[in-house]
Amino acid sequence: MNVFFEKLHKLSVFAQANPVMCYVSTPKEANTIELINEILARNKKVAVPKVGSGFSMDFYLISDLCELSTGKYGLQEPMGKSDTLYTIPCERSPQNPQLIIVPGVEFDVNKNRKGHGCGYYDRYFHRYGAHNFYKIGLAKDCQIKDAIEVRPHDVAMDLIITESGRII
């Protein structure tokens, strides 16, 4: 079993989540390929991001990783006529948050996140209200720092899981 899935499936927010919003990893990020397959194998839906114009990002439901192809910035994104946009339900609230698994270049012990520098996720959270999401960062152990620089628009994570299974 994937170490990230092993930790995630024990969380109540995961049990309630359907779909699970999750990035598709690049080699520089914590690997989500096995994680996505584990989630799909549990008959849960998965929504993955697709970058649009003007630094926008939306999430689309997939039922298999073969529905992805190389898109903007060389990222694996849902492509084709089967794209089903996932619209954040209105009933999301801090008491009923939407689970989202977020990529990062670095994280710190205060749950801050440094992304790739384009601000896609921070803008997404501000668009829908960061408090309406339960934000989990996945990290390689070497990506955890004591402290990283934080800007006013940066959105912190609610939880960070490392590849060795450490929870921050």
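In the predicted model, strand E8 (residues 106-108) runs antiparallel to strand E9, and 2 bridges join the two. Within this pairing, Phe 107 has Arg 113 of E9 as its bridge partner. Both strands belong to an open sheet of 3 strands, arranged in the order E9-E8-E11 with mixed pairing. The edges of the sheet are formed by E9 (113-114) and E11; each has a single partner strand, so one side of each is left without a neighbour in the sheet. In general, the strands of a sheet pair through backbone hydrogen bonds, in either a parallel or an antiparallel manner.

Met 157 has a relative accessibility of 5%; because the threshold for burial is under 20%, the residue counts as buried. Apart from neighbours within four places in sequence, the residues in contact with Met 157 include Phe 107 and Arg 113, the two bridge partners in E8 and E9. Val 102, Lys 111 and Phe 125 are also among the contacts of Met 157, as are Lys 135, Ile 136 and Gly 137.

A polar atom of the Thr 32 side chain lies 2.8 Å from the backbone oxygen of Tyr 23. Tyr 23 is also one of the residues in contact with Thr 32 when neighbours within four places in sequence are left aside; the others are Cys 22, Val 24, Ser 25 and Leu 138. Thr 32 and Met 157 are 125 residues apart along the chain, and their C-alpha atoms are separated by 17 Å.

At the level of the whole chain, 4 helices and 12 strands are present. The radius of gyration is 15 Å, in agreement with the value near 15 Å for a compact globule of 168 residues. Along the principal axes, the C-alpha atoms fill a box of roughly 45 × 40 × 35 Å. Of the 168 residues, 46% count as buried. Among contacts with a separation of 6 or more, 65% are accounted for by residues 24 or more positions apart. The chain exposes about 8300 Å², of which carbon and sulfur atoms supply 51%.

Note on methods. Residues numbered from 1 in each chain as written. Predicted model: local features only at pLDDT ≥ 70, side-chain atom pairs only at ≥ 80, totals over all residues. Heavy atoms only, no water. Buried < 20%, exposed > 50% of the residue type's maximum accessible area, 1.4 Å probe, protein only. Contact = heavy atoms within 4.5 Å. Pairing = 2+ DSSP bridges. Polar contact = N/O pair within 3.5 Å; in protein donor to acceptor, adjacent residues only side chain to side chain. Rg over C-alpha atoms; globule rule 2.2 N^0.38 Å. Areas by Shrake-Rupley, 256 points an atom, 1.4 Å probe, with all protein chains shown as cover.
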